[in-house]
Amino acid sequence: MKGLKIFPKFNLYTGLIAFLLLSTTSCTKDFGDINVDKNSITSNRIGALHLKFLFTAAVESVPVGDQTAENLYSQQYAQYIANNATYFPTDRYAINMGWARSAFNPIYVNVVPQLQTIFENTESNSAEYAMANIWWVFAFQRTTDYWGPIPYFEAGQPGDGVTYDSQRDIYMDFFERLKTSISVLKNNLDKTPFGGAADVIYKGKVEKWIKFANTLRLRYAVRISGVDPATAKAEAEAAVADGVFTVSPDDDALMERNTRDINKLSEMSEWFEFNMSAAMESILKGYQDPRISEYFLPAQNSGTYEGLRNGLSIAQLALPQNNKLANSHIGPRWSSPTRGGWASYFSTPQNLMCTAEAYFLRAEGVLLGWNMGGSLQDLYEAGIRNSMLQWGITDPGIIDAYIDGTTIPIAPGDYLNSPPAADVPVRFDASDIAIQKKQIAVQKWLALFPDGNEGWADYRRNRSVLPLYPVANSDNPDIPDPNANWIRRLPFLIYEYETNKEGVKKGVEHLNGPDKISTPLWWDVH
């Protein structure tokens, strides 16, 4: 087996199925076709029961919120959190290839084989097939937005080498898969796919998966708006017309978690290796944002909300004011009771996609001249309202006061005496398009928390209107001056260079630039 593309020849779940197949057939060989259970795997068939297991496994195997896949990379590069541990250099742009593999391997090892097994054992016009197709898109979008070109069209196919595909081609396939899946689901509204319970996001509610798919379609349309405006406009308008997320928390895509499959952010919170970022402190405190107590806990030393600049050096992190106890910890729903958090913090659902994002995407679409089914101001304010509702802030007076706020982000008063991270108030500016762009970008960034993948993608795409802060120090020679450039992607894995050389070579060609963290992705043209 060559490279990271471990195919259905063997993986954790097909290995388990093979074991069950051997053990079961040895016990039942004398029964022939009598009383054959449709869920049995004794006749080289995978039944409905096993498909449920495979779908749950595929959903839970996407490394959402994982420490080495997201927390040490995109959550820091989105400037939601900042590293306080001297042994983690990724906040200073030093890439650890071993950690980066945890954002790559699970897709090809634990997600693709399970989804392909579902494709092979269901009809293409079934709800199960459509849901697996939507999840395929969700999983690969997170992967391509880390690296750009990746193995995609040949993923899961046997062979000694697999080519890397262009990000443009991958995104175009996303749209086709989503449109096809939506059409299929509309013909299966009376079904409960995977028995309901195996769907740890929407419990088999087909109408919710249709909204989810359309909202993903809208997300991708906005993402490519700078490089392919015609496709972006057509896809976005069609998605909105067909129905995207509109009500939080009812529409929000959340993955169930429990004491066995615990929330990834909760899992690492007790290690206390990251704090609130200075950018978060500047904006949340400046806006007197009521979400601050949902996102973070006050610093233990002071009882106030304090943040760290991203990219502090080892020497800087050793200073008392940059100590982990001098800065704010992750919020109560991800923290243990000993730190002021919830008793049920392990079971906090994993954020996948929120309704607020749909409204901010639509608001941005209006600025682009698209028909988004609402006015710019109404969509912007609906995004804020739904974000508040998502986090349990339901008092209309508090929400209205925030929307009408005229304060701006503050200087966080950190070790580096950083300036404010932004310069616009919450109150919508009815006349200045430049300010409107900034307001939408800042509020969307706040609403996406703690989704580092999307936060980092928006930071790259919208950096002209969402500048935040340069990292304090860069340990990566690709970016010698962090004031002049920023991280755009992760470099291709060394392991892939060693085992899939020709495939990676094609990936570099698709990059249209060197394999460096400073090379922008296909859609990163803003």
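I started with how axes are set: they are lines fitted to C-alpha atoms, for helices over the stretch in contact, and angles run from 0 to 180 degrees between N-to-C directions. Helices (H or I, at least four residues) and strands (E, at least two) are DSSP runs, numbered from the N terminus. This is a predicted model, where local features need pLDDT of at least 70 and side-chain atom pairs count only at pLDDT 80 or more, while totals for chains, interfaces and linings use all residues. Residues are numbered from 1 along each chain as its sequence is written, and side-chain values use heavy atoms, with hydrogens and water left out.

I looked up the axes of helix 7 and helix 9 (residues 206-223): they come within 11 Å and cross at roughly 30 degrees. That makes helix 7 roughly parallel to helix 9. The cut-offs are under 35 degrees for roughly parallel, over 145 for roughly antiparallel, 65 to 115 for roughly perpendicular, and oblique for the rest. The crossing of helix 7 and helix 9 is left-handed (the near helix is turned anticlockwise from the far one by less than a right angle; clockwise would be right-handed).

I then listed the contact (heavy atoms within 4.5 Å). Helix 7 brings Met131, Ile134, Trp135, Val137, Phe138, Gln141 and Asp145, and helix 9 brings Trp209, Phe212, Ala213, Leu216, Arg219, Tyr220 and Arg223. By class I have ten nonpolar, one polar and three charged residues in the contact of helix 7 with helix 9. Ala, Val, Leu, Ile, Met, Phe, Trp, Tyr, Cys and Pro count as nonpolar, Asp, Glu, Lys and Arg as charged, and the others, Gly among them, as polar.

**Core.** Which residues have the most contacts inside the largest nonpolar core? They are Trp135 and Phe212, in a core of 150 residues. Helix 7 (residues 127-147) gives the largest share of this core, 13 residues. A nonpolar core is a set of buried Ala, Val, Leu, Ile, Met, Phe, Trp, Tyr and Cys residues joined through side-chain atoms within 4.5 Å. Buried means under 20% relative accessible area, exposed over 50%, partly exposed in between (1.4 Å probe, protein chains only).

I checked phenylalanine 212, leaving aside its neighbours within four places in sequence. Phenylalanine 212 is in contact with Ile134, Trp135, Phe138, Tyr202, Phe245, Ala253 and Met353.

**Arginine 217.** Not counting residues up to four places away in sequence, arginine 217 touches Phe175, Leu178, Lys179, Ile182, Glu235, Ala238 and Ala239.

**Helix 12 and helix 18.** Next I took helix 12 (residues 278-286) against helix 18. They pack at an angle of about 115 degrees, with their axes 12 Å apart. Helix 12 and helix 18 are therefore roughly perpendicular to each other. Their crossing is left-handed. Ala279, Met280, Ile283 and Leu284 of helix 12 meet Val442, Trp445 and Leu446 of helix 18.

**Glutamine 443.** This residue lies in helix 18 (residues 433-448). Glutamine 443 is buried, at 1% relative accessible area. Leaving aside neighbours within four places in sequence, glutamine 443 is in contact with Tyr287, Arg291, Phe360, Tyr380, Ile384, Tyr402 and Val426.

**Valine 424.** I found valine 424 in the loop between helix 17 (396-403) and helix 18. At 4% relative accessibility, valine 424 counts as buried. Its C-alpha atom and that of isoleucine 435, eleven residues apart along the chain, are separated by 6.8 Å. Leaving aside neighbours within four places in sequence, the contacts of valine 424 are Tyr287, Thr407, Ile408, Pro409, Ile435, Lys438, Gln439 and Val442.

**Backbone.** I noted a cis peptide bond between serine 248 and proline 249, with omega about 5 degrees. Proline 249 lies in the loop between helix 10 (229-242) and strand 2 (253-255). The bond from phenylalanine 449 to proline 450 is cis, with omega near 5 degrees. Proline 450 lies in the loop between helix 18 and helix 19 (452-461).

Asparagine 417 is not a glycine, yet has a positive phi of about 50 degrees. Asparagine 417 lies in the loop between helix 17 and helix 18 and counts as exposed at 63% relative accessibility. Leucine 468, not a glycine, has a positive phi of about 50 degrees. Leucine 468 lies in the loop between helix 19 and helix 20 (494-499) and counts as buried at 7%.
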